[in-house]
Amino acid sequence: AERCRSPLRFDYAAPINAYGQGIDSVPFDRVLRDGETFRWEGYALTADWMPGQTEYACCLHGAVDGRRVAFTGDNIFGSPSDPAQTGLEAVVARNSAILEEGYLYAADYLRRLQPDLILGGHSWVIDQPAALIKRYRRAARALRAAFQSLSPGSDYRPIFDPYWIRAEPYRIALEPGRNGGTVLTVRNFMQTPQPYRIEVDAPHGIAVTPEALEGVVPAGATERLPLILTAGPAVGEGVRIVAFDVTFGGERRGEWFDMIACVGAG
């Protein structure tokens with residue numbers, strides 16, 4: 001919900017405001033918990049977190065005319081009568097959906113749910129989808145194997161996921177002579193602790209405290225590291241890119257990740 005209420009705080013490829021039409025944020029009258037059941041137009045529907053094409057996606061499901069119907073959005077779509085289709089027709093790495101927390105999760109979820117009818121995105125109506133779900137699950141595992149074969153490391157995720165280091169908020173407004181804060185999140189996919197050093201490359205006139213971050217992320221864990229940015233009193237208005245020069249696990253990755261500082265943008 002927060003990513004729709006305040007999309008500019010986050011670094012995503014297709015936030016709600018990117019679609020135009022003057023929508024900068026979306027308010028919510030009610031936020032559902034994962035697994036919560038609610039009533040709509042006389043139907044009881046359950047909302048489950050079900051990532052696939054995107055990290056922040058869901059499945060609504062319930063009984064309609066005696067059939068278990070699942071509304072899945074873009075997470076699976078295709079013709080169940082075409083054995084060449086796997087339902088994975090919309091793989092987008094930039095959507096923040098590593099397979100273990102995306103299509104692989106969705107495949108296992110749908111196999112357990114066993115819907116009679118899937119209503120997907122883009123007008124796909126998938127009747128009797130069991131065979132398609134089976135292909136979907138098999139294809140997701142093959143996709144992971146393919147990504148791993150292309151990766152130079154022991155795990156494909158640091159190459160595939162563009163968000164394992166991220167600043168939140170991603171965009172901050174700074175007034176000359178004033179401070180602004182963000183938190184840098186560092187995720188370790190490995191099964192062993194990994195040392196890191198992150199040097200903050202800020203443009204002229206913007207100071208960052210600390211200028212470099214060092215430590216060790218435990219196996220499978222995430223570290224949250226606070227940063228303070230200060231715009232000098234003589235800095236002119238404009239948008240500045242702050243880059244993070246990352247060395248992780250003894251390997252310099254370079255400036256893969258960044259954030260935005262808007263000076264005098266209020």
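Predicted model: local features only at pLDDT ≥ 70, side-chain atom pairs only at ≥ 80, totals over all residues.
Visitor: OK. What order do the strands of the sheet come in?
Guide: Six strands form an open sheet in the order β1-β2-β3-β4-β5-β6, with mixed pairing. Strands (E, at least two residues) and helices (H or I, at least four) are DSSP runs, numbered from the N terminus. Two strands pair if DSSP finds at least two bridges between them.

Visitor: Which strands stand at the edges?
Guide: β1 (36-40) and β6 (125-127) do; each has a single partner strand, so one side of each is left without a neighbour in the sheet.

Visitor: How do β2 and β3 run, parallel or antiparallel?
Guide: β2 (residues 43-49) and β3 (residues 58-64) run antiparallel, joined by four bridges. Asp 48 stands opposite Cys 59 in β3.

Visitor: Which strands does helix α2 touch?
Guide: Helix α2 (residues 103-113) packs on the sheet and touches β2, β3 and β4 (67-73). Contact means heavy atoms within 4.5 Å.

Visitor: Which residues of α2 are buried?
Guide: Tyr 103, Leu 104, Ala 106, Ala 107, Tyr 109, Leu 110 and Leu 113. Buried means under 20% relative accessible area, exposed over 50%, and partly exposed in between (1.4 Å probe, protein chains only). The buried residues of α2 pack against β2, β3, β4 and α3 (130-150).

Visitor: And α3, which residues are buried there?
Guide: In α3, Leu 132, Ile 133, Arg 135, Tyr 136, Ala 139 and Ala 140 are buried. They cover an arc of only 150 degrees around the axis, which puts them on the same side of α3. The arc is taken from the directions from the helix axis to the C-beta atoms. The face turned away from that buried side carries the exposed residues Ala 130, Lys 134, Arg 138 and Ser 149.

Visitor: What covers the buried residues of α3?
Guide: The cover includes α2, β5 (117-120) and β6.

Visitor: New topic. How many residues has the largest nonpolar core?
Guide: That core has 57 residues, and those with the most contacts inside it are Leu 184, Ile 198, Leu 229 and Phe 244. α2 gives the most to this core, with seven residues. A nonpolar core is a set of buried Ala, Val, Leu, Ile, Met, Phe, Trp, Tyr and Cys residues joined through side-chain atoms within 4.5 Å.

Notes
Residues numbered from 1 in each chain as written. Heavy atoms only, no water. Axes fitted to C-alpha atoms, helices over the stretch in contact; angles between N-to-C directions.
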